[in-house]
Amino acid sequence: MLLRAMRKTLWCQPIQPLNNMAYTHEAGWRPNSGSVLKSVGSGGSYGAMCVRFSDASEPDMTGEWFDENTDFCFKSAEIRVPSLFHHGLKIANGAVAQRFADAVFPDATITRVSNGLFGTVTLSPSDPLQSAIAKMIEAGALKFSSGSTVQLARRDGDGRITRWPLVELSLTPRPAEPRLPKIRPLS
Amino acid sequence: MAFCHNSIEDVIFRSRIRTAADDATKSMSFDDIGIENFIQSICEMADEYDQKCAGLF
């Protein structure tokens, strides 16, 4: 009886065919149970510019800058690198700060755009540290900061970074380039 | 924007830490590790940095 009732409920759901491949419910459709999707915390996809092209007149806080000719050693249209919090450095005292410094977060995706590089990271709401990072982003506290290594990076004497193969992308409240925009949720 | 690690091994080593760190956090409650306080301090840190940098550019 129950099975028959369930079948009847399912069969009664209005379904509109779409391109013979998928379907979409009519506007105002609600699941039968009346339940809602469970939310376990902040999370989702977030993005922002992570490298800003400039010149000698606009160096970052360390006196360096990237420009259009900087070699980021992209082997494809986009690259994926691990994401860290504040370059894996302990930003404050305490065990929690150490935990964030030691954590490696999900890979970030980096693509080149006309005025720099754009980074995207997806954070899980079910992971306490990732959810905390998401909350910081949603509070407007974090920007991206790219990281490379000494044996890969090259600089001119005047501060222009000529080669910068990214090995990680950090989320930090104190980037060397403060003119970068805040990381924001991507819809 | 530009941060240079001492070596690429540093990054690789950290990736090995990930599993252990994830396991450790899952066994602790949200309040136990004081994350909410940390979030608040990072937000304050960001505000201070923004104000400091606003006068430079």
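Two strands count as paired if DSSP finds at least two bridges between them, where strands (E, at least two residues) and helices (H or I, at least four) are DSSP runs numbered from the N terminus. Everything below comes from a predicted model, in which local features need pLDDT of at least 70, side-chain atom pairs count only at pLDDT 80 or more, and totals for chains, interfaces and linings use all residues. Residues are numbered from 1 along each chain as its sequence is written, while chains are lettered from A and ligands numbered from 1 in the order in which they are written.

**View 1. Strand β4 beside strand β5 in chain A.** Here β4 (residues 78–85) and β5 (residues 105–113) run antiparallel, joined by 5 bridges. To get your bearings, find A:V81, which sits opposite A:A108 of β5(A).

**View 2. The hairpin from β5(A) to β6(A).** β6 (residues 116–123) pairs with β5(A) in the antiparallel sense over 6 bridges, and A:T111 faces A:F118 of β6(A) across the pair.

**View 3. Helix α3 of chain A, mostly covered.** Of the 11 residues in α3 (residues 128–138), 10 are buried, meaning that 20 or more other C-beta atoms, placed from the backbone, lie within 10 Å of a residue's own. Among them are A:L129, A:I133, A:K135 and A:M136. Just past the helix, A:G140 adopts a positive phi of about 75 degrees.

**View 4. Confidence along chain A.** The mean pLDDT (the predictor's confidence in each residue, from 0 to 100) is 85, with 78% of residues at 70 or more.

Conventions:
Buried ≥ 20, exposed ≤ 12 C-beta atoms within 10 Å, placed from the backbone.
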